[in-house]
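Student: Could we go through this model together? I would like to begin with the sheet.
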Amino acid sequence: MFPIQDPPAGTADRGAGEQAERRMPVLIAEDNPVFQSMLRSMLAKWGYAPLVARDGNEAWRILQSAEAPRLAILDWMMPGANGVELCRRVRAARREPYVYILLLTARKDSQDLVEGMEAGADDYLTKPFNTHELRVRLRAGRRILDLQEELLRTREALRVQATHDDLTGLLNRVTILELLQNETERCARERKPLALLMADFDRFKLVNDTHGHLAGDGVLREASRRMKAALRRYDVSGRYGGEEFLVVLPGCDCRTARTQAERLRAAVSADPFLVAAEPLRVTCSIGVSWRVNPTAAQVDDLIREADLALYMAKDHGRDRVETYDQQD
Ligand SMILES: [Mg+2]
């Protein structure tokens, strides 16, 4: 007996919306070769990219891989892990993005349905099933996945908004201070040095007063970009206040921190800023504080010392780096 019926005539034409269905990978976990090849060819015809696993263990390997399909059709009865067991494992792993599971089975008892859904299946189809029904159920799954993706994108956008400064794109004050605390604790645990830079643009008020706040914003944006480009991959910068910035340098001793600060200062000051009618030359002063063996309680001291060193740099003529001299 051929267990799957063809859809009624006229339903096979694809609308523009369905073109988006194209090439979405779908895992088919099915041990029966007849079902395997039918599902494979139907899904390919509908524009999905089918990936077939012949037993539960192979399916589990695929589901655990980094590029695992987000839509899965799992046969209930298979060698290795069965479909219900796979549902349980997928849900226990709580991975993101979500995997939408359609369970396939010859069992018709409502108790079975309950067991399958409770194990974490999203939908359930009994064999032999109608092809058209399978198609619309896959589409429903796809809709759920699209919604979830949108939700994740929104959540990520909110996270970025909450942790970053909108003008410069650097971390905001709360986040850079939190990060300084965490990095100080980590360096204390790992017995590594840590340094902190506090940078301030020289006579910045003059830029705002002479050329307007839009030009001032342009300088801050461009200076932040230059600063970020000059940093090492594991250094982190954030906006501390108006035109004051913090840079956390984990693992840096005093000497390296000074070199880094010099590089940063040069990167910011080297070229004029093209944000007003005439090119503006803006320089920055940087204060450096550091600990060979930091402790978690020293965050406030590090900030205070970097601030004092910054004032020293201003005092000594600006556009320069000064280091706070520690007695310990
Ligand atoms: Mg089977």
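Tutor: Two terms come first: two strands pair if DSSP finds at least two bridges between them. Helices (H or I, at least four residues) and strands (E, at least two) are DSSP runs, numbered from the N terminus. This is a predicted model, in which local features need pLDDT of at least 70, side-chain atom pairs count only at pLDDT 80 or more, and totals for chains, interfaces and linings use all residues. Residues are numbered from 1 along each chain as its sequence is written.

Student: What is the strand order in the open sheet of 5 strands?
Tutor: The order is 7-8-6-9-10, and the pairing is mixed.

Student: Which strands stand at the edges?
Tutor: Strand 7 (236–239) and strand 10 (321–323) do; each has a single partner strand, so one side of each is left without a neighbour in the sheet.

Student: In which sense do strand 7 and strand 8 pair?
Tutor: They pair in the antiparallel sense over 4 bridges, strand 8 being residues 244–250. Ser237 has Val247 in strand 8 as its bridge partner.

Student: Changing topic, what pLDDT does the protein chain average?
Tutor: The average is 90, and 93% of the residues score at least 70; pLDDT is the predictor's confidence in each residue, from 0 to 100. Over residues 1–18, however, the pLDDT is below 50.

Student: How should low pLDDT be treated?
Tutor: Where pLDDT is low, the predicted coordinates should not be read in detail.

Student: And how many helices and strands has the protein chain?
Tutor: There are 11 helices and 10 strands. The C-alpha atoms fill a box of roughly 90 × 50 × 25 Å, taken along the principal axes.

Note on methods: Contact = placed C-beta atoms within 7 Å.
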